[in-house]
Each structure stands twice: as C-alpha cells, then as structure tokens.
Amino acid sequence: MLIQSAAKTLYFGSLLRKMSRVFSMISYMNSVSNWVIWRGSPRMSPLLNPLPAGLTYILAAGKKDLMDLPVLNEDDLEEQFVRGTGPGGQATNKTSNCVVLRHIPTGIVVKCHQTRSVDINRKRARDIMREKLDVAYKGELSEVIIKKKESVLRKQEKRRKANENLERKKQFKEVLAADLNPEKDTA
Amino acid sequence: METVLLCCKTVGTDSVFTETMWRRSVGAAHTWFGCRSAGPKRIWGPHAVRTCSTPALPPGRITALQAVDLWRRHFEERGVTEPGHSSRYIIAHLLGAKTVESLEHGKLTEFLSQEKTEQMWRLCTRRLSRMPVQYVIEEWDFRDLTLKMRPPVFIPRPETEELVELVLRDLMKNPGTGGDSQHACLEVGCGSGAISLSLLKSLPQLKVIALDQSQAAVDLTVENALRLGLQDRLQVYHIDVMKDAETVLSLCRHVSVLVSNPPYLFSEDVVSLEPEVLRWIHGVIILSAAPRFEDHSALDGGEDGLNVIRQILTLAPHILSNHGRVYLEVDPRHPVLIRPWVEAHVEGLHYVATQHDFTGRPRFCILQKEKSHKDRELYLGLRN
Ligand SMILES: C[S@@+](CC[C@H](N)C(=O)[O-])C[C@H]1O[C@@H](n2cnc3c(N)ncnc32)[C@H](O)[C@@H]1O
C-alpha cells in the first residue's frame, strides 16, 4: 500500500503530461479494466528504434521477404501496458504482458499479446504496425496486400488441386467398385 | 576462505576463461526440490486445501473456455491478483501454447479431456495459494527464451529485458576488435540465468561468467543453459560478492561488461510487497499469521537498497577492461544517489547515463571504467 501511493505521486506528474495525448485511447480501452497509461511516446529501446534505418531494415527484412515497409518514428507512437500502479521492477510480479501501440498521425491501433515477453510483444506490435501503415499508405499497391493476395491465391489453387485429386480418386474407386461388384454378386 | 566454487579448474591469471567443469551433475540441480513432482504438493498441498477452498471437479465434461471462466471467477472471489490472466496462462500452458491468444482457433471451445481437467484443477489450486503463475507452470519467457522457473529463484521481470537490450546495443555497436579478442561479460546475481543466457543467445561470440550467492539460482542457471544449449560459453559460480570479493577478482579480469540486476529494494519496503512477491521470491510460504521470511536475498538491498550495488561498483574498476562498462538495474530512487556516491568513492569509474524503463521510470545506470587501473594489486594487497 505504502509503495503504491508513493509511486503514484512520483509518477503522477509524468502521467498528467501524457494524459491529453492519450485521451482518445481511453475510449478504445474501455472494455479492458486495469489499463494504465504510462507514456505518450515510450522509447523502444534504442536497438529497436527504427531511426538507424539500416538496423530495422535488417530486422524487418529477415522476416518479411525483403518487403519495403515504412520506417517507424518512435515519436509518433504511444504505447500502453497493463502493469498496474505498483512500483514496477523487483517489487512487482505481474504477468499481463499485453502491449497496445497507437500510431498518432494515423490513429492506427495494434494490440499484441502473442508471447509472455513484454519485449517481444513490443517488437511484434511494431512489426505489425509497419505492415498496417504500409497498407494505409499504399492501399492495394502495398506489398503486404499483394503478398497476402498471392498467398490466398496459392491456397485456393492448392485446394482446387486437392479437390481435383479427390474427385479423381473417387471416380477411380467407383469404376473399380463397378468392376468388382458383379463378381461379388455372382460369388 | 570459505569459497564454494561450482567450477574451478586452473583459473589462469591472464585469461578470463578456462575450461569449464561442473562440479555438480545436472541431476543434482534438481535436488533442491527433493522429488520434483511430489515437492510442490508436499509444500503447500495440505495447507492450500485447508485455507483456500478449491471448487469441486466438474461432474461432466467442460470446455477449456468454461474451465477458464470458472477459475477466473473463483480467483476473483478469493482475491487472487490477475484472476483472468492467471486462469488463461494456465490453460494455454496445458494446451501447449504460451498465451490463449496464440492458441489455434477453436481450441478453447473444445471439451477438455479428463486428464487435462484434472491438471487444470491441480495447477489452479496452486495459484489459489498465491503462488506466482510462473512457478505454477514452471516456466516463463524472457525475451526470445523460455526459461525454467522454480522457487525460490527470482522470476525475471520485463524491465530486465531492457537491461539486456542496453548491453546488446553497446556490444553490437562495438564488436570486439579482431577475431580472437572476444567480449567477456560478468553477471552478478544470475538468478534463473535470464540476463546471461539472453546475452549468450544474441551474441554468438560472447563469453559469460555468472555468479550467485544462492545455490538454487546457480543450479537453475546451469539447468537453463543446458536446455538452451548455451553452456559452452558460460561459467557459473556459487559466490557471494559481499563476502568473497577476492574470489570474484581472481576469476574475472578485463571483462568488457559487468551486468547486474542486484537486490535493490529498500528493506522497509520489502514487508509491504504483494503476497506473490513476498512469499514466493523467498520461496517460503507463510503458513501462519505470523510471517516468517527467511531468505530476502534476491530483492532486499538493505536500508537504502544499495548494499550489493555499492559492492559491485567498488569492484568494477578492478574487474573491467579499459572502457569496459557496468550496467545496473536499480530502484528509480537510486540513480541520483549512485552518481555522487561513485564520484566520491570509486576512482576510475565514471557515470555515463541513466536510462528509463518502458514505464518511464529511471531504472538503469550505465558506468564506464575511465583509465587503466594500477591499484588492482593495491586493493588485493590491502585486503591480504
Ligand atoms: C533480483 S535477482 C536477479 C536475478 C536475475 N539476474 C534476473 O534478472 O532475473 C538478484 C539475484 O542476486 C543474487 N544475490 C543477492 N545477493 C548476492 C550476493 N551478495 N552475491 C551474489 N549474488 C547475490 C540473488 O540470489 C538473486 O538471485
């Protein structure tokens, strides 16, 4: 209890400063209780800060087949975590690792709770954000969309072929059955 | 000198790394719990039954979602923190996933087998005793690693993932000069091995010495290293830096990184922690109204939280190579105290920067060794 109130006063200042910026997010998060907004623009650790372009490029490139996705500017992002009001660090043991990321200029919101690591969820949220921004900026021309369409087509084609095969087998069986049946009958 | 070395075989004076030899077999790493499957039950089973009523097993079949809901409500009624998350992490684990969100579509609405239902009941009953979810499912993620978790070893916090990131950023910017001058790193207080193993995973050239005053921590670090196949570049020692500075100095010279998430809580704050942290970090369940806390050593940093930190900073210039750096996770009240203290008390170490964690708190201190040190011998001379 003591720690909590102390921490609250300690961080209230920074919270207030950010409040106005994150106001619009609150309605979005209405359904989720216990959300605490810590920072308007939390810096992803410098290693992931997209500004040294080369580095993020490599990170993104490895995953997305060299897609030319937009580079994120950390100053355009606001981020939310469910970390409660405690002092954090060693004094707190929270398991909620969901990250909500908002791109302020476009209002696009991405939520990531795929893993149990806050760090990995933050990175994935940024990856997803870059894809969403690409789609938002380029529309149908976005490589994300094109790749997705290609993959849908590939899947359809695969399914079609599988169905054809199945059909062929069925017909083959029918023919076989027709051939065999008379024998059975006479036997 | 009462040195308990986990591995020590001709520790050369000019090379940081010598052959690694585990004194204990991996099997021995399990002994803390006695018989592992029986261990947890023996510790809190009977008490859990008496103090926290467990809902009866359902008579018929139920779906995963129904089980999650039932337990969430029960946790809520019993005042267990994070009722929804707890229940979801446990079911996800039982169904072979990390989170419910990453489960295959439709899995949650399928019926649970009798066996899975019983497992759910068993694990959730443990959570009911306020055992942290990470100990209940016996594993947790730290960055891209999944680590084995076991009381009373400290459960890594997400803030510490950023500490690793800070070290990585510097080491990647400044990879060792030439082929054979690899970077070496010392971690003080390795716990489950999270920091060391994460660094080893990300930097294939790095070598790490990790130490901890807790045997359980040393064992768990070794176990996690073996599971992840990272044991070849790691040495783990059972050493208390407060009591046995000489051994630390004799093991480590010219490392480029000294990283630590040492116990940093102020003693007076330790008593007001949540039950999850209070009971379980120390691995001691409170069975009666009168709390008995036996082992605070993973988080209690003394009156001002700086006991171990001061010791690490005092040793740092004697351990680091020139321009080598110290990376510390600390309490948000610490950076403003550490800077003047180092300036007044530690020659050859200068304060580089304070970094904030993802919640905006001043959480990390970076310091650097300024010049080559002549007084390593002096220090050793004074101590002898
Ligand atoms: C907060 S935990 C950090 C564990 C791990 N590095 C992590 O981040 O998850 C601190 C660790 O330091 C160890 N420790 C505390 N005092 C120590 C000392 N005097 N010498 C060596 N290790 C110590 C504890 O046993 C504990 O494992």
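Start at the interface. Select the contact between the two chains: 36 residues come from chain A and 48 residues from chain B. Keep in mind that this is a predicted model.

About 3,700 Å² is buried between chain A and chain B. Carbon and sulfur atoms give 52% of that area. Next, pick Gln90(A), Asn93(A) and Arg116(A). These residues supply 27% of the area that chain A buries against chain B, more than any other three residues.

Stay on Arg116(A) and show side chains. Which residue of chain B forms a salt bridge with Arg116(A)? Select Asp141(B): the closest N and O atoms of the pair are 3.0 Å apart. In total, the rule finds 5 salt bridges across the interface of chain A and chain B. Polar contacts come next. Between the chains, 22 residue pairs are in polar contact, with both residues at pLDDT 80 or more.

Switch to cartoon and color chain A by element. Helix 1 (2-28), strand 1 (36-39) and helix 3 (118-138) each give two or more residues to the side of chain A that touches chain B. Helix 3 of chain A gives the most, with 5 residues.

Zoom in on helix 3 of chain A.

Look at both ends of helix 3 of chain A. At the N-terminal end, Ser117(A) is the cap. A side-chain oxygen of Ser117(A) lies 3.3 Å from the backbone nitrogen of Asp119(A). Gly139(A) follows the helix, and its phi is positive, near 55°.

Last stop: the ligand. Select the 20 residues around the ligand. Those that come nearest are Glu187(B), Gly189(B), Asp212(B), Gln213(B) and Asp240(B). Color the selection by chain. Residues from chains A and B surround the ligand, so the site is shared between chains.

Finish with the polar atoms of the ligand:

- Gly189(B): a polar backbone atom is 2.8 Å from a nitrogen atom of the ligand.
- Cys190(B): a polar backbone atom is 3.5 Å from a nitrogen atom of the ligand.
- Gln213(B): a polar side-chain atom lies 2.8 Å from an oxygen atom of the ligand.

Notes: Residues numbered from 1 in each chain as written. Chains lettered and ligands numbered in written order. Predicted model: local features only at pLDDT ≥ 70, side-chain atom pairs only at ≥ 80, totals over all residues. Heavy atoms only, no water. Contact = heavy atoms within 4.5 Å. Buried area = accessible area lost by both parts, 1.4 Å probe. Salt bridge = Lys/Arg side-chain N within 4 Å of Asp/Glu carboxyl O. Polar contact = N/O pair within 3.5 Å; in protein donor to acceptor, adjacent residues only side chain to side chain. Helix = DSSP H or I, 4+ residues; strand = E, 2+ residues; numbered from the N terminus. Near = heavy atom within 4 Å.
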